[in-house]
Amino acid sequence: MNISPEFQFRAKDTLEAEVRSNFEHTLQRLTELVVIPSVAWEAYDLSQVERSAEKVKELAFAVGFEQVEILTATYGPENTAGMPAVVARKEAAPGHPTILLYAHHDVQPVGNLKEWQTAPFVATRKGDRLFGRGAADDKAGVLAHLAAFEATRTVLGDDFKAGVTLFIEGEEEAGSPSFTNFLNTYRDKLAADVIIVADSSNWQVGVPALTTSLRGVASGTISVRVADHNVHSGVFGGPLLDAHTVMVRTLASLHNSQGSVAVEGLIHAPEPEVEYLEANFRADSGILDSVELAGTGSIASRLWAQPAISIIGMDVPSVETASNTIAATSRAKISVRLAPGSDPAQAHAALENHLKNLDVMGAKVTYTADDSGQPFSTDTSSAGAQLALAAFKESWQVDPVTTGLGGSIPFIADLTEVFPGADILITGIEDPDTRAHSANESLYLPDFEKAILAEALMLAELSASAQ
């Protein structure tokens, strides 16, 4: 792909005016999408995910896509149907590249409603923020793509030579179970030279970021057994430790006294170039002032370049339902974030080996691998990455940052495998105070507008390039 290194951005003023004049309409469309509770988990009303896909399809037609479909793929041994995705296309003029725009229209569950300060499925504007589940993650990504495409189409007209494929997934928050099959089934429809994934975070309010590395993930279940059956704690307590206590000791073995991961075989990546100040991390995370930070090395290294293990679930009776019983068994779910360069299969093997060699008073401890996701890193010298960074600077008028991300986007590895020649660019819609997946999720509107402009600048520049 022949992209000019000068990045003229000749249509910048006109694109900026178009994005700004249409911004309130963009927010209205986002509001209409946020109201749909599109949680793609089996315990929820999956018809809402279908309703959300229909709304995205309607919006894709509204901004000028002429070919719009709702597609699904199956997964698993029983060929379970996946959630609906929207694929819309504008064909490239001969000799011009195609850009794939990815986001997802499904959202996380809301959690405890008492923790929300606004109704989660009502987009509520407070100052410079729009609150609501999915207002940022990732329905803002959907609207960023739609608004950027609409602005570019309006301004360039017949000079909009690049091809654009819109791919809005419907099950990302549920682990994208049908994603691999979806890519293989619709490979011809999705093939692209550049892939823009609008599902990450900017460095801070007012400072854009290109995410250049992602940790992988390896999650699994630890099971502990100490007896054949549950018994009375008053009769047998003392010589017999309950399985939950043994589980606690088992889980404690996963970290050393400094809080660093103590499982041999989990690798570290090179030190990141950018620093994340401790004061900023504390403010962004909400950690209590009295709580010490775990691990060693820079904050950026601990977040992006080192493995991390979190306990994300345990089968323990609630305090309200507790009885005087010694539990014979206990289970815990762990999530392991893997540094770039790691292999999830090797990570599962390292965890299994760690637990097999652990002596917790002879209790039977087993590990079952559940989910896996490959880490990701990108070449910032590539033409696509350089274009993205230049567009960010042009839109925000500040120098962008290249960052890692402590989280994982497992489907990125699938995109890399199926489309190895494409530049994959992970752009930011969120900011450190977005609180995605938590109560009071919100979108910072000034940066949202700048993200739309930056993407429109990229589309316009790519329209002037040749394959």
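What follows is a conversation about helix packing, sheets and a few single residues in a predicted model.

Visitor: Before we start, what kind of model is this, and how are residues numbered?
Guide: It is a predicted model, in which local features need pLDDT of at least 70 and side-chain atom pairs count only at pLDDT 80 or more, while totals for chains, interfaces and linings use all residues. Residues are numbered from 1 along each chain as its sequence is written, and side-chain values use heavy atoms, with hydrogens and water left out.

Visitor: Okay, the sheet with S11 in it: what is the strand order?
Guide: The order is S13-S15-S11-S16 in an open sheet of 4 strands with antiparallel pairing, where strands (E, at least two residues) and helices (H or I, at least four) are DSSP runs numbered from the N terminus, and two strands pair if DSSP finds at least two bridges between them.

Visitor: Which strands are at the edges?
Guide: Strand S13 (308–314) and strand S16 (364–373) are the edge strands, each pairing on one side only.

Visitor: Is S11 mostly covered or mostly exposed?
Guide: S11 is mostly covered, with 8 of its 10 residues buried; buried means under 20% relative accessible area, exposed means over 50%, and partly exposed is in between, with a 1.4 Å probe and protein chains only.

Visitor: What about arginine 225, where does that one sit?
Guide: Arginine 225 is in strand S11, and at 39% relative accessibility it counts as partly exposed. Leaving aside residues up to four places away in sequence, arginine 225 touches Ala328, Thr329, Ala363 and Lys364, where contact means heavy atoms within 4.5 Å.

Visitor: Which helices lie on that sheet?
Guide: Helix H8 (residues 243–252) lies across S11, S13, strand S15 (329–338) and S16, running at about 20° to S15. Helix H11 (residues 344–356) also packs on the sheet, touching S11, S13, S15 and S16, and its direction makes about 170° with that of S16. For these angles, axes are lines fitted to C-alpha atoms, for helices over the stretch in contact, and the values run from 0 to 180 degrees between N-to-C directions.

Visitor: Switching to helix pairs: at what angle do H2 and H3 cross?
Guide: The axes of helix H2 (residues 23–34) and helix H3 (residues 47–62) come within 10 Å and cross at roughly 160°. H2 and H3 are therefore roughly antiparallel to each other, given that angles under 35 degrees count as roughly parallel, over 145 as roughly antiparallel, 65 to 115 as roughly perpendicular and the rest as oblique.

Visitor: Which residues make that contact?
Guide: Arg29, Glu32 and Leu33 of H2 make the contact with Ser52, Lys55, Val56, Leu59 and Ala62 of H3. These residues divide into 4 nonpolar, 1 polar and 3 charged, with Ala, Val, Leu, Ile, Met, Phe, Trp, Tyr, Cys and Pro counted as nonpolar, Asp, Glu, Lys and Arg as charged, and the others, Gly among them, as polar.

Visitor: What about H1 and H14, how do those cross?
Guide: Helix H1 (residues 12–21) and helix H14 (residues 445–463) have axes that come within 10 Å and cross at roughly 140°, and that makes H1 oblique to H14. Lys12, Leu15, Glu16, Val19 and Arg20 in H1 meet Glu449, Ile452, Leu453, Ala456, Leu457 and Ala460 in H14. This contact divides into 7 nonpolar, no polar and 4 charged residues.

Visitor: Last one: which residues of H13 are buried?
Guide: Phe411, Ile412, Ala413, Asp414, Leu415 and Val418 are the buried residues of H13. With 6 of the 8 residues of helix H13 (residues 411–418) buried, the helix is largely enclosed by the rest of the structure.
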